[in-house]
2 protein chains.
Amino acid sequence: MTILTFGHQNPDTDTITSALVMADLQTAAGKEVEAVRLGEVSAETQYALDKFNVSAPRLIEKVDGEEVILVDHNEFQQSAPGIESAHILMVVDHHRISNFETAAPLYYRAEPVGCTATILNKMYKENQIEVKPEIAGLMLSAIISDTLLFKSPTCTDEDVKAAEELEKIAGINKEEYGLEMLKAGASTADKSAEDLLNIDAKSFSMGEKEVRVAQVNTVDIDEVFARQEELENAINAETAQNGYDLFVLVVTDIIHSDSKILALGKEQEAVNKAFNVALDKNTALLKGVVSRKKQVVPQLTDVLS
Amino acid sequence: MTILTFGHQNPDTDTITSALVMADLQTAAGKEVEAVRLGEVSAETQYALDKFNVSAPRLIEKVDGEEVILVDHNEFQQSAPGIESAHILMVVDHHRISNFETAAPLYYRAEPVGCTATILNKMYKENQIEVKPEIAGLMLSAIISDTLLFKSPTCTDEDVKAAEELEKIAGINKEEYGLEMLKAGASTADKSAEDLLNIDAKSFSMGEKEVRVAQVNTVDIDEVFARQEELENAINAETAQNGYDLFVLVVTDIIHSDSKILALGKEQEAVNKAFNVALDKNTALLKGVVSRKKQVVPQLTDVLS
């Protein structure tokens, strides 16, 4: 039976491309592996796929006892419905480990680097499998996306080194291409409030609390906050439907590398403590904050756990 | 501050030696790492330490906010008291993942091989760090112990290949040395029932149930079961004290590669289903079963989850 490989819900560029790259890597190693996805392809990701002439993975709703390989995530609430009874053969990821378990031993590889693709790039080398130009382009796109063009504090020397290798193979300039790709994903005007909340949203269990953290990249924070009331209504509706204790929308300026947050929910107060701010009309500017993983989730987890 | 590295409670040979080997590897890489242990050194492990003239790691009772590297385990209930608030930098393991979580990204490496040492041996090569003869001896001892001299179904080609490399560096014959080491650990006559239950015992959460699985290696199964009443009293006492739903003692004949189990507790019935046997006086012979990880825990988990 074909093994399925996929990243998290609300897929971002690293998740979509890493599934494609993992399928390529495993296929080259003689396995039968298909890349699939758990949600819509973002404008940024579509830009990357078009650039390297690669089709998006097939959309699936759930898994049902298949053998699977997870990329770019491990927490079950971020994964496919039915993941609890799937047979997880392998995980390649760069996030904290939480709400993850298996009945049997598996291959699990996590490294504290900025991007799953940086680890996958190593795996090609370790297994002496050649990286094709379009695969290099996908991996480079993932690194640029996850590190916001190497500006995020999650970006490590290994990510930069991998990007330098990959831009040569892909035959493009990583800074020029990267800015175009980020801008393609940063257009917010044409999206509904609900769409904005779901571009890149993840749920986290923190202590006993369920926290939703959505992130939107933009080149104009004010343009997004001009629609604050509409966004608050959408957040309250999602919170009521899913029982979140806290919903934090992180709007990130990809040019200046700052974020303004909009926080609502029973545990709103946690935000003040976590970031040492005083929410004003449910918002606060977080200078220099661009990384949900490193600058938002651990801080909230500390306060709520 | 010195980073601590340790394996699981009721340490076996892989756990003790992998902590020592990880400390050696990290020290060679420029880190300040001390190997410690969470319990008594078994007769088998002491035989290996004496053979290669290496001291046992320091005994610790708990951790208290330190930076730690886990080897040969990940489940918190098998780890040091206080592990929930330690900063886990790295895990190298070959077990299923369960009841494990971190607040931040980390380096996690699990592979479905027979022994942690097989993965550590790769890491020396990847990092181009020389394996000293005594370190090779420790890794070889771990592989022999975990695979019962390559006879366990958990043993992979990678384990055998690693052992072949390591016996050359250590300058010993792996079969001759291995049988002597296993025999040194298989003496049961001089141990109390409580001692036997704690040579190599682990707790597992299976669904809502807490299951204790202890394993004893022997060259004479009948010698162990001559003390069945004494063992049952000790099991019942441990069960009452710790609230286990099921206690399974696996007595493994290392010469013939079979096991006889003694099972007690509220969920005793699960054993019949898991192994397709009918317990007779709380015991059953499991032909060809030698691996707790592969032939006992998944089968019980399936029935109880």
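The report below covers the cavities and then the interface.

## Model and cavities

This is a predicted model. Searching the whole structure turns up three cavities of 30 Å³ or more. The largest cavity holds about 580 Å³ of space. Its lining counts 37 residues, and those closest to the centre are B:Asp12, B:Asp146, B:Asp200, B:Gln215 and B:Arg292.

## Lining of the largest cavity

By residue class, the lining of the largest cavity has 16 polar, 12 charged and nine nonpolar residues.

Several elements of chain B each give at least two residues to this lining: helices H1 (13–28), H2 (43–51), H4 (133–146) and H11 (292–295), and strands S7 (201–206) and S8 (209–218). S8(B) has the largest share, with three residues. Both domains of chain B take part: domain 1 (3–186) and domain 2 (193–304) each contribute at least three residues to the lining of the largest cavity.

## Interface of chains A and B

The contact involves 20 residues of chain A and 21 residues of chain B. An interface is often sized by the accessible area lost when the parts come together. Here, chain A and chain B bury about 1800 Å² between them, and carbon and sulfur atoms give 60% of that area. On the chain A side, A:Ile97, A:Ala103 and A:Pro105 supply 29% of the area buried against chain B, more than any other three residues.

How many salt bridges does the rule find across the interface of chain A and chain B? The count is zero.

Terms used. Residues are numbered from 1 along each chain as its sequence is written. Chains are lettered from A and ligands numbered from 1 in the order in which they are written. This is a predicted model: local features need pLDDT of at least 70, side-chain atom pairs count only at pLDDT 80 or more; totals for chains, interfaces and linings use all residues. Side-chain values use heavy atoms; hydrogens and water are left out. On a 1 Å grid over the protein atoms alone, a cavity is a set of points where a 1.4 Å probe fits but cannot get out, and a pocket is an open set with protein on both sides within 12 Å along at least five of seven lines; lining residues have an atom within 4 Å of a point. Grid points are joined across faces, edges and corners, and a volume is the space filled by probe spheres set on the points. Helices (H or I, at least four residues) and strands (E, at least two) are DSSP runs, numbered from the N terminus. Ala, Val, Leu, Ile, Met, Phe, Trp, Tyr, Cys and Pro count as nonpolar, Asp, Glu, Lys and Arg as charged, and the others, Gly among them, as polar. Domain bounds come from an automatic or database domain assignment. Contact means heavy atoms within 4.5 Å. Buried area is the accessible area (1.4 Å probe) that two parts lose on being put together, summed over both. A salt bridge is a side-chain nitrogen of Lys or Arg within 4 Å of a carboxyl oxygen of Asp or Glu.
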